[in-house]
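Please read it alongside the sequence and the coordinates.

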Amino acid sequence: MARFLLRSALLVGAVALVPAVSTSMAAGDVQTYRDLDQFMSVFERVRSEYVDKVDDKTLIKGAIDGMLASLDPHSSYLDARDFTNLKTQTDGAYGGLGLTVSLEDGAVKIITPTEDTPAFRAGLKAGDFITHLDGALIYGGTLDEAVDKMRGPAGSSVRLTIVRPGRDKPFDVTLKREIIQLKPVKWEVKDRVGIININTFNKNTGEAVRAALAGIDKAVGGQPLGYVVDLRSNPGGLLDQAIEVGDAFLDRGEIVSQRGREKKDIERYYARPGDLSHGLPMVVLVDAGSASAAEIVAGALQDQKRAIVMGEKSFGKGSVQTLLPLTDDTALRLTTARYYTPSGRSVQEGGIMPDILVPQISDADYKDRPRLREADLRRHLINEAKVDDSVLEDDTKPDPRFAATADALKKQGVEDFQLDYALKTIRRLSPTPPAKVASK
């Protein structure tokens with residue numbers, strides 16, 4: 001690969017020096033090589049004169065990271081460690097606390113905690129900031145440094161200092177590290193309604209959803225009244241698994257299309273005959289943590305009139321990243337396309353707007369919790385048909401359906417208001433009267 005690149009560079013350089021080359025092409029090439037010469041000059045100056053000795057590998061990685069960071073938030077260079085981590089996550093097992101985090105102005109921000117992990121059980125929320133680890137300030141460091149400090153042997157503990165918007169003071173949370181075997185799908189039956197909770201889209205998700213649908217039928221002894229597909233706080237994952245999941249609930253029609261730089265670069269993905277959910281009523285739950293592959297599934301089922309989407313507006317990541325291996329243990333994760341729902345909507349920036357907005361009023365902090373979405377990330381891709389839904393989201397008019405307090409709901413035994421609302425909706429939509437069936 002390196003030999004090929006070197007030969008290409010030498011060939012272009014030689015052509016640029018031939019007078020017969022067109023003026024515009026030659027001018028562009030000359031300026032590019034001047035810029036590359038300037039880069040090498042900076043590299044040599046830093047290498048020879050920086051106050052501390054820095055190895056070449058660190059400088060080159062920093063230059064590559066800076067180049068990709070100038071594109072969009074999701075393009076990045078994966079060194080050996082990053083590449084290994086990505087592969088283990090898509091394989092469905094990784095070590096840590098169960099947090100998806102980003103770096104914002106030098107601060108580590110939680111994107112989402114993964115369900116059934118130490119971070120989730122401790123009540124950490126999207127939008128929280130981590131300022132200290134074991135009392136040591138991590139502000140101003142790199143994301144890799146923060147992640148390394150949060151990792152460690154299973155069973156060992158780490159103390160996180162959390163700043164939560166809406167709270168007056170920071171607070172500490174001590175978590176015990178685990179080897180997290182991430183189950184992409186969990187399911188249960190409540191009053192003959194099948195609940196399928198999809199946590200991530202790794203290589204096992206499609207198969208796990210099909211198994212869940214079969215398991216629900218078996219548990220009910222026939223067909224359920226309907227299904228709730230819970231995509232809340234699902235950060236996404238593999239495109240092919242999103243297509244498989246959409247296919248499980250559709251009998252025909254488009255699931256998603258992706259479009260690259262050129263107009264002709266369009267790929268469309270369609271459902272195969274056979275709806276494994278029997279065409280029964282469906283509700284899909286989304287929130288601000290539902291991103292990427294989760295939005296593909298929600299958008300497909302919404303556009304095909306297959307499900308009612310409930311909850312809060314989703315994250316709004318409408319781009320496709322391609323993993324391009326560079327060596328055996330490094331790769332380039334590059335944004336190569338935008339994806340569109342069957343009706344031609346791009347969710348980039350705007351996200352999926354639920355058919356029915358249902359706030360999570362069982363969460364006492366829901367009004368003060370910040371909404372972290374794609375549009376808040378620096379250098380995010382622009383949606384040419386951007387729609388501003390902030391007025392809808394910030395509507396403060398009281399809705400009698402959502403007037404109960406978190407304490408009042410808790411007394412009624414409602415721990416998850418959005419899920420409870422979805423279950424009641426399915427029972428209202430079903431022509432069959434519900435019967436009590438033991439949950440799985």
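How many of the seven residues of strand β4 (residues 107–113) are buried? The model examined here is a predicted one.

Seven of the seven residues of β4 are buried, so the strand is largely enclosed by the rest of the structure. The cut-off behind this is that a residue counts as buried when its relative accessible area is under 20%.

β4 pairs with strand β3 (residues 99–104) in the antiparallel sense, over six bridges. Within this pairing, T100 has T112 of β4 as its bridge partner. β3 and β4 form a hairpin with two residues between the strands, and D105 takes a positive phi near 50° there. β4 also pairs with strand β5 (residues 129–133), again in the antiparallel sense, over two bridges. Here the bridge partner of V108 is I130 in β5.

Strands of a sheet pair through backbone hydrogen bonds, in either a parallel or an antiparallel arrangement. An open sheet is formed by six strands in the order β10-β11-β12-β15-β16-β19, and its pairing is mixed. Its edge strands are β10 (185–190) and β19 (356–357), each of which pairs on one side only.

K186 stands opposite N197 of β11.

## Helices on the sheet

Two helices are described against this sheet. Helix α9 (residues 293–303) packs on it, touching β15 (282–286) and β16 (308–311). The direction of α9 makes about 145° with that of β15. Helix α7 (residues 205–220) lies across β10, β11 and β12 (226–230) and runs at about 20° to β10.

## Packing of α7 and α8

α7 also packs with helix α8 (residues 239–249), at an angle of about 20° and with the axes 8 Å apart. That angle makes α7 roughly parallel to α8, since angles under 35 degrees count as roughly parallel. The crossing of the two helices is right-handed.

Which residues of α7 and α8 meet? On the α7 side they are T205, G206, E207, V209, R210 and L213, and on the α8 side Q241, E244, V245, A248 and F249. By class, the residues of this contact divide into five nonpolar, three polar and three charged.

Technical notes
Residues are numbered from 1 along each chain as its sequence is written. This is a predicted model: local features need pLDDT of at least 70, side-chain atom pairs count only at pLDDT 80 or more; totals for chains, interfaces and linings use all residues. Side-chain values use heavy atoms; hydrogens and water are left out. Two strands pair if DSSP finds at least two bridges between them. Helices (H or I, at least four residues) and strands (E, at least two) are DSSP runs, numbered from the N terminus. Contact means heavy atoms within 4.5 Å. Axes are lines fitted to C-alpha atoms, for helices over the stretch in contact, and angles run from 0 to 180 degrees between N-to-C directions. Angles under 35 degrees count as roughly parallel, over 145 as roughly antiparallel, 65 to 115 as roughly perpendicular and the rest as oblique. A crossing is left-handed if the near helix is turned anticlockwise from the far one by less than a right angle, and right-handed if clockwise. Ala, Val, Leu, Ile, Met, Phe, Trp, Tyr, Cys and Pro count as nonpolar, Asp, Glu, Lys and Arg as charged, and the others, Gly among them, as polar. Buried means under 20% relative accessible area, exposed over 50%, partly exposed in between (1.4 Å probe, protein chains only).
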